[in-house]
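Please brief me on this protein chain and its ligand. Cover the domains, the helix packing, the ligand shell and the backbone details.

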Amino acid sequence: MEEMFILKEDQRAILESVARFVEEVVTPRAAALDANPDPEKSFSWEIVEKAHEIGIRTATLDEKWSGFGADSLTTAMVIEELAKGDLGVSVIMAQTLKIAQIMQKALNAEQQARVLPSFAGDPRGLLAIGITEPDNASNYFLPYPTPLRTSGEKTEGGWIVNGMKHFISNGNRASHYLLFVQTARGKPMAEGTTCFLVERGRPGFTIGRVHDKMGERLANNAELIFVDCFIPDENVVGEVGRGFAVLRGFFPQSNAYAGASILGVAVALYEKAVLWAKTRVQGGRVLIEHDGIRAELAEMRMLIDASRSYIHRACWLADHQERGWDETLGVLPKVMASQSAWKIATWCLEIHGGHGYMKELGIEKLLRDAAAFLHSDGVNRTLFLKAANLMFAE
Ligand SMILES: Cc1cc2nc3c(=O)[nH]c(=O)nc-3n(C[C@H](O)[C@H](O)[C@H](O)COP(=O)(O)OP(=O)(O)OC[C@H]3O[C@@H](n4cnc5c(N)ncnc54)[C@H](O)[C@@H]3O)c2cc1C
(Lines give C-alpha, C1' and ligand atoms only; values in the text may rest on other atoms or scores of the structure.)
Protein backbone atom coordinates (compact mmCIF):
# COMPACT_ATOMS: atom_id res chain seq x y z
CA MET A 1 0.00 0.00 0.00
CA GLU A 2 3.02 2.29 0.38
CA GLU A 3 3.00 2.50 -3.45
CA MET A 4 0.17 4.98 -2.99
CA PHE A 5 2.46 7.41 -1.19
CA ILE A 6 5.98 6.89 -2.58
CA LEU A 7 6.76 7.51 -6.23
CA LYS A 8 8.66 4.58 -7.76
CA GLU A 9 11.65 5.09 -10.07
CA ASP A 10 9.82 3.89 -13.19
CA GLN A 11 6.84 6.13 -12.38
CA ARG A 12 9.18 9.10 -12.00
CA ALA A 13 10.74 8.37 -15.41
CA ILE A 14 7.33 8.02 -17.08
CA LEU A 15 6.07 11.27 -15.54
CA GLU A 16 9.20 13.13 -16.63
CA SER A 17 8.70 12.01 -20.20
CA VAL A 18 4.99 12.98 -20.07
CA ALA A 19 5.91 16.40 -18.63
CA ARG A 20 8.39 16.89 -21.49
CA PHE A 21 5.70 15.90 -24.02
CA VAL A 22 3.33 18.43 -22.46
CA GLU A 23 5.94 21.18 -22.52
CA GLU A 24 7.15 20.53 -26.07
CA VAL A 25 4.02 19.30 -27.85
CA VAL A 26 0.86 20.30 -25.97
CA THR A 27 1.52 23.70 -24.38
CA PRO A 28 2.72 25.43 -27.57
CA ARG A 29 -0.46 24.36 -29.41
CA ALA A 30 -3.21 24.34 -26.77
CA ALA A 31 -4.33 27.99 -26.66
CA ALA A 32 -4.65 28.35 -30.45
CA LEU A 33 -6.49 25.03 -30.86
CA ASP A 34 -8.82 25.91 -27.97
CA ALA A 35 -9.64 29.27 -29.57
CA ASN A 36 -10.79 27.74 -32.88
CA PRO A 37 -14.55 28.31 -33.18
CA ASP A 38 -15.02 25.04 -35.12
CA PRO A 39 -14.91 22.19 -32.56
CA GLU A 40 -13.52 19.73 -35.12
CA LYS A 41 -10.55 22.02 -35.75
CA SER A 42 -9.72 22.17 -32.03
CA PHE A 43 -8.59 18.54 -32.30
CA SER A 44 -5.02 17.69 -33.34
CA TRP A 45 -3.91 14.35 -34.82
CA GLU A 46 -0.35 15.58 -34.50
CA ILE A 47 -0.67 15.57 -30.70
CA VAL A 48 -2.16 12.05 -30.75
CA GLU A 49 0.61 10.73 -33.01
CA LYS A 50 3.31 12.22 -30.83
CA ALA A 51 1.64 10.71 -27.75
CA HIS A 52 1.79 7.38 -29.58
CA GLU A 53 5.52 7.81 -30.29
CA ILE A 54 6.39 7.99 -26.60
CA GLY A 55 4.01 5.19 -25.60
CA ILE A 56 1.34 7.21 -23.77
CA ARG A 57 -1.51 6.09 -26.07
CA THR A 58 -0.97 2.41 -25.38
CA ALA A 59 0.41 2.61 -21.83
CA THR A 60 -2.27 0.38 -20.29
CA LEU A 61 -1.86 -2.39 -22.86
CA ASP A 62 -0.04 -5.45 -21.66
CA GLU A 63 3.50 -6.00 -22.99
CA LYS A 64 2.25 -8.79 -25.26
CA TRP A 65 0.18 -6.14 -27.07
CA SER A 66 3.19 -3.75 -27.20
CA GLY A 67 2.20 -1.59 -24.23
CA PHE A 68 3.94 -1.35 -20.89
CA GLY A 69 1.07 -2.58 -18.74
CA ALA A 70 0.70 0.58 -16.64
CA ASP A 71 -1.32 -0.03 -13.48
CA SER A 72 -4.25 2.21 -12.56
CA LEU A 73 -2.24 4.33 -10.12
CA THR A 74 0.48 5.14 -12.67
CA THR A 75 -2.19 5.77 -15.31
CA ALA A 76 -3.93 8.33 -13.06
CA MET A 77 -0.59 10.09 -12.55
CA VAL A 78 -0.03 10.25 -16.33
CA ILE A 79 -3.56 11.59 -16.87
CA GLU A 80 -3.06 14.34 -14.26
CA GLU A 81 0.29 15.32 -15.81
CA LEU A 82 -1.35 15.60 -19.26
CA ALA A 83 -4.17 17.72 -17.85
CA LYS A 84 -1.72 20.21 -16.36
CA GLY A 85 -0.98 21.02 -20.02
CA ASP A 86 -4.48 20.63 -21.45
CA LEU A 87 -7.67 18.99 -20.24
CA GLY A 88 -8.85 17.92 -23.71
CA VAL A 89 -5.60 16.07 -24.48
CA SER A 90 -5.85 14.38 -21.10
CA VAL A 91 -9.43 13.25 -21.82
CA ILE A 92 -8.57 11.87 -25.28
CA MET A 93 -5.90 9.70 -23.66
CA ALA A 94 -7.83 8.88 -20.46
CA GLN A 95 -10.72 7.42 -22.50
CA THR A 96 -8.34 5.39 -24.63
CA LEU A 97 -6.25 4.15 -21.69
CA LYS A 98 -9.34 3.21 -19.68
CA ILE A 99 -11.13 1.38 -22.50
CA ALA A 100 -7.93 -0.49 -23.46
CA GLN A 101 -7.72 -1.64 -19.85
CA ILE A 102 -11.34 -2.86 -19.91
CA MET A 103 -10.95 -4.49 -23.33
CA GLN A 104 -8.18 -6.70 -21.96
CA LYS A 105 -10.58 -7.95 -19.29
CA ALA A 106 -13.93 -8.01 -21.08
CA LEU A 107 -13.07 -9.08 -24.65
CA ASN A 108 -12.68 -12.80 -25.31
CA ALA A 109 -9.41 -14.17 -26.73
CA GLU A 110 -10.60 -14.07 -30.35
CA GLN A 111 -11.82 -10.47 -30.01
CA GLN A 112 -8.57 -9.38 -28.35
CA ALA A 113 -6.51 -10.99 -31.12
CA ARG A 114 -8.70 -9.26 -33.72
CA VAL A 115 -8.68 -5.78 -32.19
CA LEU A 116 -5.71 -5.13 -29.92
CA PRO A 117 -2.83 -5.56 -32.43
CA SER A 118 -4.45 -3.19 -34.93
CA PHE A 119 -5.27 -0.70 -32.17
CA ALA A 120 -1.72 -0.93 -30.80
CA GLY A 121 -0.09 -0.43 -34.20
CA ASP A 122 -2.24 2.47 -35.37
CA PRO A 123 -0.76 5.82 -34.22
CA ARG A 124 -4.26 7.28 -34.58
CA GLY A 125 -6.01 4.44 -32.75
CA LEU A 126 -8.40 5.95 -30.19
CA LEU A 127 -11.21 4.35 -28.19
CA ALA A 128 -14.69 5.49 -27.17
CA ILE A 129 -17.59 4.26 -25.08
CA GLY A 130 -21.20 4.95 -26.05
CA ILE A 131 -23.81 4.79 -23.30
CA THR A 132 -25.41 8.25 -22.94
CA GLU A 133 -28.52 9.05 -24.98
CA PRO A 134 -30.66 12.20 -25.01
CA ASP A 135 -33.15 10.46 -22.67
CA ASN A 136 -30.73 8.39 -20.62
CA ALA A 137 -27.81 9.67 -18.55
CA SER A 138 -28.31 9.82 -14.77
CA ASN A 139 -30.71 6.95 -15.48
CA TYR A 140 -27.84 4.53 -16.16
CA PHE A 141 -25.61 5.80 -13.37
CA LEU A 142 -28.19 5.11 -10.67
CA PRO A 143 -29.60 2.97 -12.51
CA TYR A 144 -33.32 3.57 -12.93
CA PRO A 145 -35.43 0.70 -14.29
CA THR A 146 -35.96 2.28 -17.71
CA PRO A 147 -34.74 0.80 -21.03
CA LEU A 148 -32.10 2.35 -23.30
CA ARG A 149 -33.52 3.81 -26.53
CA THR A 150 -30.76 2.40 -28.75
CA SER A 151 -32.08 -1.08 -29.47
CA GLY A 152 -30.97 -4.30 -31.13
CA GLU A 153 -33.21 -6.88 -32.85
CA LYS A 154 -31.88 -10.41 -33.23
CA THR A 155 -31.32 -11.59 -36.77
CA GLU A 156 -29.35 -14.46 -38.25
CA GLY A 157 -25.72 -14.24 -37.16
CA GLY A 158 -26.06 -10.98 -35.28
CA TRP A 159 -28.12 -7.94 -34.35
CA ILE A 160 -29.71 -5.04 -36.22
CA VAL A 161 -29.09 -1.91 -34.18
CA ASN A 162 -31.04 1.36 -34.43
CA GLY A 163 -30.77 4.49 -32.32
CA MET A 164 -28.30 7.15 -31.30
CA LYS A 165 -25.85 8.15 -28.59
CA HIS A 166 -24.69 11.67 -27.77
CA PHE A 167 -21.92 13.53 -25.89
CA ILE A 168 -19.49 10.68 -26.67
CA SER A 169 -15.83 11.56 -26.00
CA ASN A 170 -13.63 10.66 -29.02
CA GLY A 171 -16.97 9.89 -30.75
CA ASN A 172 -15.90 11.16 -34.19
CA ARG A 173 -12.25 10.11 -33.79
CA ALA A 174 -12.22 6.59 -32.41
CA SER A 175 -11.17 3.46 -34.27
CA HIS A 176 -13.15 1.15 -31.94
CA TYR A 177 -16.18 1.64 -29.69
CA LEU A 178 -17.88 -0.17 -26.87
CA LEU A 179 -21.58 0.39 -27.45
CA PHE A 180 -24.43 -0.31 -25.02
CA VAL A 181 -27.66 -1.45 -26.65
CA GLN A 182 -31.06 -2.56 -25.32
CA THR A 183 -31.44 -6.11 -26.60
CA ALA A 184 -34.36 -7.26 -24.44
CA ARG A 185 -37.57 -5.33 -24.92
CA GLY A 186 -39.58 -4.51 -21.80
CA LYS A 187 -36.69 -5.12 -19.43
CA PRO A 188 -34.94 -2.39 -17.43
CA MET A 189 -31.56 -1.38 -18.88
CA ALA A 190 -29.63 -3.06 -16.07
CA GLU A 191 -31.10 -6.43 -17.13
CA GLY A 192 -31.68 -6.06 -20.86
CA THR A 193 -28.57 -4.33 -22.20
CA THR A 194 -25.76 -5.86 -24.26
CA CYS A 195 -22.30 -4.43 -24.85
CA PHE A 196 -21.03 -4.60 -28.44
CA LEU A 197 -17.64 -3.99 -29.97
CA VAL A 198 -18.10 -1.70 -32.98
CA GLU A 199 -15.44 -0.80 -35.52
CA ARG A 200 -15.37 2.59 -37.18
CA GLY A 201 -16.85 2.48 -40.69
CA ARG A 202 -19.29 -0.37 -40.07
CA PRO A 203 -22.22 0.08 -42.55
CA GLY A 204 -25.20 1.72 -40.83
CA PHE A 205 -22.99 3.51 -38.30
CA THR A 206 -22.29 7.19 -38.92
CA ILE A 207 -21.18 10.19 -36.90
CA GLY A 208 -23.74 12.93 -36.24
CA ARG A 209 -23.01 16.37 -34.78
CA VAL A 210 -19.68 17.19 -33.21
CA HIS A 211 -20.67 19.01 -30.01
CA ASP A 212 -19.50 22.58 -29.56
CA LYS A 213 -18.30 22.36 -25.95
CA MET A 214 -17.51 25.39 -23.80
CA GLY A 215 -14.26 23.83 -22.53
CA GLU A 216 -12.11 20.69 -22.88
CA ARG A 217 -12.09 21.71 -26.54
CA LEU A 218 -9.00 19.80 -27.68
CA ALA A 219 -11.08 16.64 -27.20
CA ASN A 220 -14.00 16.06 -29.56
CA ASN A 221 -17.42 14.79 -28.47
CA ALA A 222 -19.97 13.59 -30.98
CA GLU A 223 -23.24 11.83 -31.68
CA LEU A 224 -23.17 8.21 -32.88
CA ILE A 225 -26.01 7.29 -35.25
CA PHE A 226 -27.13 3.72 -35.97
CA VAL A 227 -29.56 2.97 -38.80
CA ASP A 228 -30.16 -0.74 -39.42
CA CYS A 229 -26.56 -1.37 -38.46
CA PHE A 230 -25.71 -5.09 -38.50
CA ILE A 231 -23.38 -6.11 -35.66
CA PRO A 232 -22.33 -9.78 -35.75
CA ASP A 233 -22.64 -12.15 -32.79
CA GLU A 234 -18.86 -12.34 -32.55
CA ASN A 235 -18.86 -8.66 -31.51
CA VAL A 236 -20.94 -9.27 -28.38
CA VAL A 237 -18.76 -8.37 -25.40
CA GLY A 238 -19.42 -10.69 -22.48
CA GLU A 239 -22.92 -12.13 -22.49
CA VAL A 240 -26.10 -11.01 -24.21
CA GLY A 241 -28.23 -9.08 -21.69
CA ARG A 242 -25.29 -8.63 -19.30
CA GLY A 243 -23.92 -5.34 -20.62
CA PHE A 244 -24.13 -3.80 -17.17
CA ALA A 245 -21.65 -6.37 -15.88
CA VAL A 246 -19.17 -4.93 -18.42
CA LEU A 247 -20.18 -1.41 -17.41
CA ARG A 248 -19.62 -2.12 -13.73
CA GLY A 249 -16.05 -3.04 -14.62
CA PHE A 250 -15.55 0.55 -15.84
CA PHE A 251 -16.62 2.48 -12.80
CA PRO A 252 -13.53 2.17 -10.57
CA GLN A 253 -10.97 3.47 -13.08
CA SER A 254 -13.36 5.68 -15.01
CA ASN A 255 -14.23 7.77 -11.99
CA ALA A 256 -10.66 8.01 -10.73
CA TYR A 257 -9.26 8.92 -14.17
CA ALA A 258 -11.93 11.60 -14.60
CA GLY A 259 -10.86 12.92 -11.19
CA ALA A 260 -7.20 12.88 -12.26
CA SER A 261 -8.02 14.85 -15.41
CA ILE A 262 -9.78 17.63 -13.57
CA LEU A 263 -7.15 17.59 -10.83
CA GLY A 264 -4.53 18.53 -13.44
CA VAL A 265 -6.61 21.62 -14.27
CA ALA A 266 -6.78 22.49 -10.55
CA VAL A 267 -2.98 22.26 -10.31
CA ALA A 268 -2.53 24.51 -13.36
CA LEU A 269 -4.87 27.09 -11.78
CA TYR A 270 -3.12 26.87 -8.41
CA GLU A 271 0.29 27.40 -10.03
CA LYS A 272 -0.99 30.49 -11.84
CA ALA A 273 -2.45 31.82 -8.58
CA VAL A 274 0.85 31.36 -6.73
CA LEU A 275 2.84 33.02 -9.51
CA TRP A 276 0.51 36.01 -9.57
CA ALA A 277 0.46 36.28 -5.77
CA LYS A 278 4.27 36.39 -5.78
CA THR A 279 4.52 39.17 -8.35
CA ARG A 280 1.48 41.45 -8.04
CA VAL A 281 1.96 44.27 -5.53
CA GLN A 282 -0.93 45.96 -3.77
CA GLY A 283 -0.93 47.80 -0.45
CA GLY A 284 2.86 48.07 -0.71
CA ARG A 285 3.43 44.30 -0.58
CA VAL A 286 3.20 41.35 -2.94
CA LEU A 287 -0.19 39.66 -2.60
CA ILE A 288 1.32 36.55 -1.05
CA GLU A 289 2.28 38.64 2.00
CA HIS A 290 -1.38 39.44 2.65
CA ASP A 291 -2.80 36.94 5.13
CA GLY A 292 -6.12 36.40 3.35
CA ILE A 293 -4.37 35.42 0.11
CA ARG A 294 -1.77 33.24 1.87
CA ALA A 295 -4.48 31.33 3.70
CA GLU A 296 -6.47 30.84 0.47
CA LEU A 297 -3.43 29.36 -1.28
CA ALA A 298 -3.01 26.90 1.60
CA GLU A 299 -6.66 25.90 1.26
CA MET A 300 -6.14 25.31 -2.47
CA ARG A 301 -3.14 23.13 -1.68
CA MET A 302 -5.22 21.13 0.81
CA LEU A 303 -8.01 20.53 -1.73
CA ILE A 304 -5.48 19.38 -4.35
CA ASP A 305 -3.60 17.07 -1.97
CA ALA A 306 -6.77 15.55 -0.52
CA SER A 307 -8.30 14.98 -3.97
CA ARG A 308 -5.09 13.35 -5.20
CA SER A 309 -4.91 11.04 -2.19
CA TYR A 310 -8.53 10.00 -2.73
CA ILE A 311 -7.91 9.31 -6.44
CA HIS A 312 -4.70 7.37 -5.75
CA ARG A 313 -6.35 5.29 -3.05
CA ALA A 314 -9.23 4.47 -5.41
CA CYS A 315 -6.76 3.49 -8.17
CA TRP A 316 -4.62 1.32 -5.94
CA LEU A 317 -7.63 -0.46 -4.46
CA ALA A 318 -9.22 -0.84 -7.92
CA ASP A 319 -6.20 -3.00 -8.80
CA HIS A 320 -6.14 -4.76 -5.40
CA GLN A 321 -9.83 -5.12 -4.67
CA GLU A 322 -9.27 -7.93 -2.19
CA ARG A 323 -7.46 -5.42 0.06
CA GLY A 324 -10.61 -3.46 0.86
CA TRP A 325 -12.25 -2.05 -2.28
CA ASP A 326 -15.33 -0.07 -1.39
CA GLU A 327 -17.79 0.81 -4.18
CA THR A 328 -18.07 4.47 -3.15
CA LEU A 329 -14.43 4.78 -4.32
CA GLY A 330 -15.76 4.23 -7.85
CA VAL A 331 -18.17 7.15 -7.48
CA LEU A 332 -16.87 9.93 -5.22
CA PRO A 333 -13.23 10.81 -6.01
CA LYS A 334 -14.24 12.57 -9.25
CA VAL A 335 -16.88 14.53 -7.34
CA MET A 336 -14.33 15.76 -4.84
CA ALA A 337 -11.72 16.63 -7.47
CA SER A 338 -14.20 18.48 -9.70
CA GLN A 339 -15.71 20.46 -6.80
CA SER A 340 -12.20 21.36 -5.67
CA ALA A 341 -11.15 22.40 -9.18
CA TRP A 342 -14.22 24.59 -9.54
CA LYS A 343 -13.54 26.32 -6.20
CA ILE A 344 -9.87 26.78 -7.08
CA ALA A 345 -10.86 28.23 -10.47
CA THR A 346 -13.03 30.92 -8.90
CA TRP A 347 -10.39 31.75 -6.26
CA CYS A 348 -7.64 31.88 -8.90
CA LEU A 349 -9.79 34.30 -10.90
CA GLU A 350 -10.35 36.43 -7.81
CA ILE A 351 -6.64 36.52 -6.90
CA HIS A 352 -5.91 37.84 -10.39
CA GLY A 353 -8.48 40.61 -9.98
CA GLY A 354 -9.49 42.20 -13.30
CA HIS A 355 -6.41 40.75 -14.98
CA GLY A 356 -7.84 37.25 -14.63
CA TYR A 357 -10.83 38.26 -16.70
CA MET A 358 -8.61 39.22 -19.65
CA LYS A 359 -8.08 36.26 -21.97
CA GLU A 360 -4.34 36.77 -22.38
CA LEU A 361 -3.50 35.27 -18.98
CA GLY A 362 -5.13 31.96 -19.89
CA ILE A 363 -7.34 31.76 -16.80
CA GLU A 364 -10.48 32.09 -18.88
CA LYS A 365 -9.60 28.82 -20.69
CA LEU A 366 -8.83 27.05 -17.42
CA LEU A 367 -12.10 28.29 -15.92
CA ARG A 368 -14.06 26.82 -18.85
CA ASP A 369 -12.08 23.59 -18.53
CA ALA A 370 -12.63 23.48 -14.76
CA ALA A 371 -16.41 23.28 -15.31
CA ALA A 372 -16.14 20.14 -17.47
CA PHE A 373 -16.28 17.46 -14.80
CA LEU A 374 -19.09 18.85 -12.70
CA HIS A 375 -21.21 16.81 -15.13
CA SER A 376 -19.00 14.50 -17.21
CA ASP A 377 -18.76 10.92 -16.00
CA GLY A 378 -21.96 11.54 -14.05
CA VAL A 379 -23.45 14.75 -12.66
CA ASN A 380 -22.02 15.26 -9.16
CA ARG A 381 -25.40 15.27 -7.44
CA THR A 382 -26.33 12.06 -9.26
CA LEU A 383 -23.09 10.49 -8.05
CA PHE A 384 -23.78 11.53 -4.44
CA LEU A 385 -27.16 9.84 -4.80
CA LYS A 386 -25.51 6.76 -6.30
CA ALA A 387 -23.01 6.62 -3.41
CA ALA A 388 -25.80 6.96 -0.87
CA ASN A 389 -27.69 4.12 -2.57
CA LEU A 390 -24.56 1.95 -2.27
CA MET A 391 -24.01 2.97 1.35
CA PHE A 392 -27.60 2.39 2.43
CA ALA A 393 -28.56 -0.46 0.13
CA GLU A 394 -30.84 -2.03 2.76
C1 LIG B 1 -17.71 16.58 -21.80
C2 LIG B 1 -18.57 15.35 -21.68
C3 LIG B 1 -18.05 14.11 -22.05
C4 LIG B 1 -18.85 12.96 -21.97
N5 LIG B 1 -18.37 11.75 -22.44
C6 LIG B 1 -19.19 10.68 -22.48
C7 LIG B 1 -18.76 9.44 -23.07
O8 LIG B 1 -17.62 9.31 -23.54
N9 LIG B 1 -19.64 8.40 -23.11
C10 LIG B 1 -20.89 8.49 -22.62
O11 LIG B 1 -21.64 7.53 -22.72
N12 LIG B 1 -21.33 9.64 -22.04
C13 LIG B 1 -20.52 10.73 -21.96
N14 LIG B 1 -20.95 11.92 -21.39
C15 LIG B 1 -22.27 11.95 -20.81
C16 LIG B 1 -22.28 12.20 -19.33
O17 LIG B 1 -21.95 11.06 -18.58
C18 LIG B 1 -23.67 12.77 -19.02
O19 LIG B 1 -23.71 14.03 -19.64
C20 LIG B 1 -23.92 12.97 -17.62
O21 LIG B 1 -24.13 11.73 -17.04
C22 LIG B 1 -25.11 13.90 -17.40
O23 LIG B 1 -26.17 13.62 -18.23
P24 LIG B 1 -27.30 14.69 -18.60
O25 LIG B 1 -26.63 15.90 -19.11
O26 LIG B 1 -28.27 14.04 -19.50
O27 LIG B 1 -27.94 15.05 -17.20
P28 LIG B 1 -29.27 14.46 -16.51
O29 LIG B 1 -29.09 13.03 -16.19
O30 LIG B 1 -30.46 14.84 -17.37
O31 LIG B 1 -29.32 15.30 -15.19
C32 LIG B 1 -29.82 16.66 -15.14
C33 LIG B 1 -29.89 17.09 -13.69
O34 LIG B 1 -30.85 16.28 -12.98
C35 LIG B 1 -30.25 15.74 -11.83
N36 LIG B 1 -30.84 14.43 -11.51
C37 LIG B 1 -31.03 13.38 -12.35
N38 LIG B 1 -31.61 12.36 -11.69
C39 LIG B 1 -31.80 12.79 -10.41
C40 LIG B 1 -32.37 12.22 -9.24
N41 LIG B 1 -32.84 11.00 -9.24
N42 LIG B 1 -32.40 12.97 -8.10
C43 LIG B 1 -31.93 14.23 -8.09
N44 LIG B 1 -31.38 14.84 -9.16
C45 LIG B 1 -31.31 14.12 -10.30
C46 LIG B 1 -28.77 15.62 -12.16
O47 LIG B 1 -27.97 15.52 -11.01
C48 LIG B 1 -28.55 16.92 -12.94
O49 LIG B 1 -28.37 18.00 -12.05
C50 LIG B 1 -20.17 13.06 -21.46
C51 LIG B 1 -20.68 14.32 -21.07
C52 LIG B 1 -19.91 15.44 -21.18
C53 LIG B 1 -20.50 16.77 -20.75
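The briefing below goes topic by topic.

This is a predicted model: local features need pLDDT of at least 70, side-chain atom pairs count only at pLDDT 80 or more, and totals for chains, interfaces and linings use all residues. Residues are numbered from 1 along each chain as its sequence is written. The protein chain is assigned domain 1 (2–125), domain 2 (128–243) and domain 3 (247–391). These bounds come from an automatic or database domain assignment. The ligand lies between domain 2 and domain 3, because both give residues to the shell around it.

**Domain 1 against domain 3**

- The C-alpha centres of domain 1 and domain 3 are 21 Å apart.
- Each side is counted: 24 residues from domain 1 and 24 residues from domain 3 make the contact. Two residues are in contact if their C-beta atoms, placed from the backbone, lie within 7 Å.
- On the domain 1 side that touches domain 3, α1 (9–35), α3 (72–85) and α4 (87–106) each supply at least two residues. Helices (H or I, at least four residues) and strands (E, at least two) are DSSP runs, numbered from the N terminus.
- α3 gives the most to that side of domain 1, with 10 residues.
- By class, the side of domain 1 that touches domain 3 holds 12 nonpolar, four polar and eight charged residues. Ala, Val, Leu, Ile, Met, Phe, Trp, Tyr, Cys and Pro count as nonpolar, Asp, Glu, Lys and Arg as charged, and the others, Gly among them, as polar.

**α3 with α4**

- The axes of α3 and α4 come within 6 Å and cross at roughly 155 degrees. Axes are lines fitted to C-alpha atoms, for helices over the stretch in contact, and angles run from 0 to 180 degrees between N-to-C directions.
- α3 and α4 are therefore roughly antiparallel to each other. Angles under 35 degrees count as roughly parallel, over 145 as roughly antiparallel, 65 to 115 as roughly perpendicular and the rest as oblique.
- α3 passes α4 in a right-handed crossing. A crossing is left-handed if the near helix is turned anticlockwise from the far one by less than a right angle, and right-handed if clockwise.
- T75, I79, L82, A83 and G85 of α3 meet L87, V89, S90, M93, A94 and L97 of α4.
- That contact has eight nonpolar, three polar and no charged residues.

- The axes of α8 (residues 243–279) and α10 come within 8 Å and cross at roughly 20 degrees. That makes α8 roughly parallel to α10.
- α8 passes α10 in a left-handed crossing. Their contact divides into 19 nonpolar, four polar and two charged residues.
- α10 (residues 333–351) packs on α13 at an angle of about 145 degrees, with the axes 10 Å apart. This crossing is left-handed.
- V335, S338 and Q339 in α10 meet N380, L383 and F384 in α13.

**Ligand shell**

- Of the 21 residues around the ligand, I131, T132, A137, S138 and S169 come nearest. A residue is near a molecule or strand if its C-beta atom, placed from the backbone, lies within 6 Å of it.
- β1 (127–130), β3 (158–169) and α13 (380–391) each supply at least two residues of the shell.
- The shell has eight nonpolar, nine polar and four charged residues.

**Backbone details**

- A cis peptide bond joins L142 and P143, with omega about -25 degrees. P143 sits in the loop between α6 (138–141) and β2 (151–155).
- E216, a residue other than glycine, has a positive phi near 50 degrees. E216 is in the loop between β6 (205–210) and β7 (221–232).
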